[in-house]
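Dear colleague,

I am handing over the structure we spoke about, with the sequence and the coordinates together below. My notes on what was found in it follow after that.

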Amino acid sequence: MTSPIPVGFIGIGTMGEPMAMNLVRAGTPLLVWNRTPEKCEPLERAGAGVADDIADLFAACETIILMLADGASTDAVLDRGGADFSKRVGGRTIIAMGTESADYSHGLGADIRGAGGRYVEAPVSGSRKPAEAGQLVGLLAGDAEDRERLRPVLSPMCREIFDCGAVPGALHMKLAVNTFLITLVTGLAEASHFAARHDLEMERFVDILNAGPMASDVSRVKAEKILHRDFARQAGISDVLKNSRLVVEAAREATIASPLMDLCFALYGETEALGLGEDDMISVVRAIEERTVKERNGALTPS
């Protein structure tokens, strides 16, 4: 009996590992590769194959999912601009699930199609906890035929998948969603800081938030984290800073005002500069705390 052709998965990081694990648990034949091989070990124990090198993965798979940090990483694994690019993407479908600029994705898609491959954007909304539960929200852009064909491939990772038309519609949609997410969490951090500096009972503050009309899955999780000073990463500061930059850049390119995101971009930059790039995004409260310290010191300094 002929073995089924595996789906390839490249990028076993904070999000990629639980996403790939859900594919394995759903019975998807999966072949994985990561620059740091030991990160593939839990997936191998769960039943995934691990490619010895990246060329082996492309040779064995017709559909390859990329969950990578940035365009440079994507270009490297595809050998974009190199001798192996056409060999790796020709006759294959590349699914890009990371978050990059719309311009980058549009150009990458054109290059892949020019080399005889197919390209789909599939960024997701959600952090590690919904990734572990298979409850991400998928955003899908590409040719209509590809969107329909790939929906069952992506469904084990997602609670729901939304069609977003042609590339780069999914990435524009992801940046719009991220604008709300980032400003929401930053507002929660500032509200918590305000409450703490007024010596309010923080457990009562969180209870009131959770009982009120602004409560959401995100606010409940992040409020508990800030209450307990739990900065363990779900969505990291460096990743949120990158997403903030992408939103601001896209806004400037389209001549769109983005006053809240401009402020968030600055705050997450300050948080990363404190050495907190790997902490959860709710640790943006520490940049707000630093601003309070500086303002109070400034107010106490004689003019």
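Please keep in mind throughout that this is a predicted model. I begin with Asp280, which is buried, its relative accessible area being 0%, and therefore falls under the 20% cut-off that the term requires. Asp280 sits in the loop that runs between H13 and helix H14 (284-300). When its neighbours within four places in sequence are left aside, the residues in contact with Asp280 are Lys222, Lys225, Phe231, Ala232, Arg233, Gln234, Ala235 and Ile237.

The second largest pocket, with a volume of about 390 Å³, has a lining of 21 residues, among which Leu175, Leu246, Val247, Ala250 and Ala251 lie nearest its centre. Two or more lining residues come from each of helix H6 (102-114), helix H9 (169-197), helix H12 (237-253) and helix H13 (259-273), and H12 gives the largest share, namely six residues. Sorted by class, the lining of this pocket comprises 13 nonpolar, five polar and three charged residues.

As for the protein as a whole, it contains 14 helices and nine strands. Its radius of gyration is 21 Å, close to the 19 Å that the globule rule gives for 303 residues, so the protein is as compact as a globular protein of that length. The C-alpha trace spans about 75 × 40 × 35 Å along its principal axes, and 47% of the 303 residues count as buried. Among contacts with a separation of 6 or more, 66% are between residues 24 or more positions apart. The accessible surface comes to about 14,800 Å², and carbon and sulfur atoms account for 55% of that surface.

With best regards

Note on methods:
Residues are numbered from 1 along each chain as its sequence is written. This is a predicted model: local features need pLDDT of at least 70, side-chain atom pairs count only at pLDDT 80 or more; totals for chains, interfaces and linings use all residues. Side-chain values use heavy atoms; hydrogens and water are left out. On a 1 Å grid over the protein atoms alone, a cavity is a set of points where a 1.4 Å probe fits but cannot get out, and a pocket is an open set with protein on both sides within 12 Å along at least five of seven lines; lining residues have an atom within 4 Å of a point. Grid points are joined across faces, edges and corners, and a volume is the space filled by probe spheres set on the points. Helices (H or I, at least four residues) and strands (E, at least two) are DSSP runs, numbered from the N terminus. Ala, Val, Leu, Ile, Met, Phe, Trp, Tyr, Cys and Pro count as nonpolar, Asp, Glu, Lys and Arg as charged, and the others, Gly among them, as polar. Buried means under 20% relative accessible area, exposed over 50%, partly exposed in between (1.4 Å probe, protein chains only). Contact means heavy atoms within 4.5 Å. The radius of gyration is taken over C-alpha atoms; the globule rule is 2.2 Å times the number of residues to the power 0.38. Accessible areas come from the Shrake-Rupley method with a 1.4 Å probe; for residues, only the protein chains shown count as cover.
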